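Colleague: Hi, could you walk me through the strands in this one? I have the structure open and would like a quick tour.

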Amino acid sequence: MKSNCKALEKLLTAHTRLMIVSHENPDGDAVGSALALKLMLHRLGKEASVWLPGRFPAYYRWLSSSDTIRYLSEQPEAFLKELAETEVLIGVDLSSLSRTGKMAIHFTGFTGKRVLIDHHIDPEESEFNLVFSDVTVSSTSELICHIFEALGWDKHMDRPVAEALYTGIMTDTGSFSFNCNSPKTYEVTGKLIHNGVVPDRVHKLVYDNNTEGRIRLLGYALHKMQVLHDFRTAFIALDKDELEKNRSQVGDTEGIVNFALSIKGIILAAFFSIRDGEVKISFRSKGTFSVNEFARRHFNGGGHRNAAGGSFNGSLKQAVELFESLLPEYKTELERDEIYR
Ligand SMILES: [Mn+2]
């Protein structure tokens with residue numbers, strides 16, 4: 001950490017054109033960590049831009065300076081122009097630049113320095129000049145808290161920076177219910193509260209900010225959910241028509257998978273939907289069953305042991321059929337954790 005921080009400081013002293021990017025379908029940690037880094041660099045007299053592949057959910061719009069984030073999907077030419085002038089590219093909350101979706105292809109010819117700050121399993125270290133990787137932290141936002149402390153930048157922390165980081169930690173831990181077994185998570189969170197975060201307020205702004213449509217879509221999805229008790233599995237699949245009929249907005253399907261996992265005795269949950277013409281799947285698990293391995297092996301994805309994502313080349317129906325056909329192979333593993341019966 002120490003030598004990495006020194007190297008980062010050196011890079012940031014030597015260069016002025018900085019770009020921060022994160023993964024497609026940005027979540028609270030992607031938006032929070034990218035914004036916090038941008039704002040902190042600004043406090044230190046450095047300008048960095050934040051570019052995302054596409055829009056983040058509306059319930060993060062209250063975050064200070066979130067309106068300065070720019071999108072490849074909306075300004076492709078401006079993105080290319082800026083990338084051509086960028087000296088240091090910083091990827092946050094992604095294990096590989098391929099996680100930026102349609103942005104990824106533009107990085108192949110990028111000749112500047114590349115920095116990674118991430119907490120996912122198996123980062124593509126060879127893609128970067130400098131790698132901050134820690135799979136034991138709750139979130140990239142937490143990792144950024146540790147980096148700020150190591151660099152002594154935490155003394156410049158103000159409420160907007162703290163709120164962005166708190167949002168990342170809160171959302172990546174499901175409001176402190178998973179990936180948060182280390183006291184370090186609470187120590188940095190305590191400091192964020194000292195710096196002006198009001199947890200009640202942030203929680204309400206993120207979670208009690210649903211459109212009526214999102215809650216009705218959730219109702220529809222739960223009604224359609226299939227539960228396979230023999231395999232301790234529950235899943236939901238929504239096709240394009242169903243999403244459109246329910247006027248689904250960016251982020252509306254976020255978290256639906258957790259309701260399937262919350263059923264007593266269920267160990268594995270999956271949510272299938274269509275995004276940008278492709279089948280996307282969210283996986284969640286309880287205990288020792290690794291959805292990271294499952295998604296890597298069968299659905300071109302990965303993530304964490306208990307939360308992962310993937311995609312499928314084919315129709316929604318074929319994706320669901322493949323998923324169901326794989327379950328018998330995993331029956332022993334799905335039976336293993338007695339405590340969650
Ligand atoms: Mn994350």
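**Strands and their partners**

Modeller: Happy to. This is a predicted model.

Colleague: Which way do S1 and S2 pair, parallel or antiparallel?

Modeller: Parallel: S1 (residues 18-21) and S2 are joined by 4 bridges. Between S1 and S2 the chain passes through helix H2 (residues 28-43), and this β-α-β crossover is right-handed.

Colleague: And how many residues of S2 are buried?

Modeller: In S2 (residues 48-52), 4 of the 5 residues are buried, so the strand is mostly covered. S2 also pairs with S3 (residues 70-71), again in the parallel sense, over 2 bridges. There, Leu52 faces Tyr71 of S3.

Colleague: Nice. Switching topic, what is the strand order in the open sheet of 6 strands?

Modeller: The order is S7-S8-S9-S10-S12-S11, and the pairing is mixed.

Colleague: Which strands stand at the edges there?

Modeller: S7 (226-228) and S11 (302-303) do. Each has a single partner strand, so one side of each has no neighbour in the sheet.

Colleague: How many bridges join S9 to S10?

Modeller: There are 8, between S9 (residues 268-275) and S10 (residues 278-285), and the two strands run antiparallel. As an example, Ile274 has Val279 in S10 as its bridge partner.

Colleague: Last one: which strands does H11 lie across?

Modeller: Helix H11 (residues 291-298) lies across S10, S11 and S12 (307-312). H11 runs at about 15° to S12.

Conventions. Residues are numbered from 1 along each chain as its sequence is written. This is a predicted model: local features need pLDDT of at least 70, side-chain atom pairs count only at pLDDT 80 or more; totals for chains, interfaces and linings use all residues. Two strands pair if DSSP finds at least two bridges between them. Two residues are in contact if their C-beta atoms, placed from the backbone, lie within 7 Å. Axes are lines fitted to C-alpha atoms, for helices over the stretch in contact, and angles run from 0 to 180 degrees between N-to-C directions. A residue is buried if 20 or more other C-beta atoms lie within 10 Å of its own, exposed if 12 or fewer, and partly exposed in between; C-beta atoms are placed from the backbone. A crossover is right-handed if, with the strands pointing away from the viewer, the path from the first strand over the helix to the second runs clockwise.
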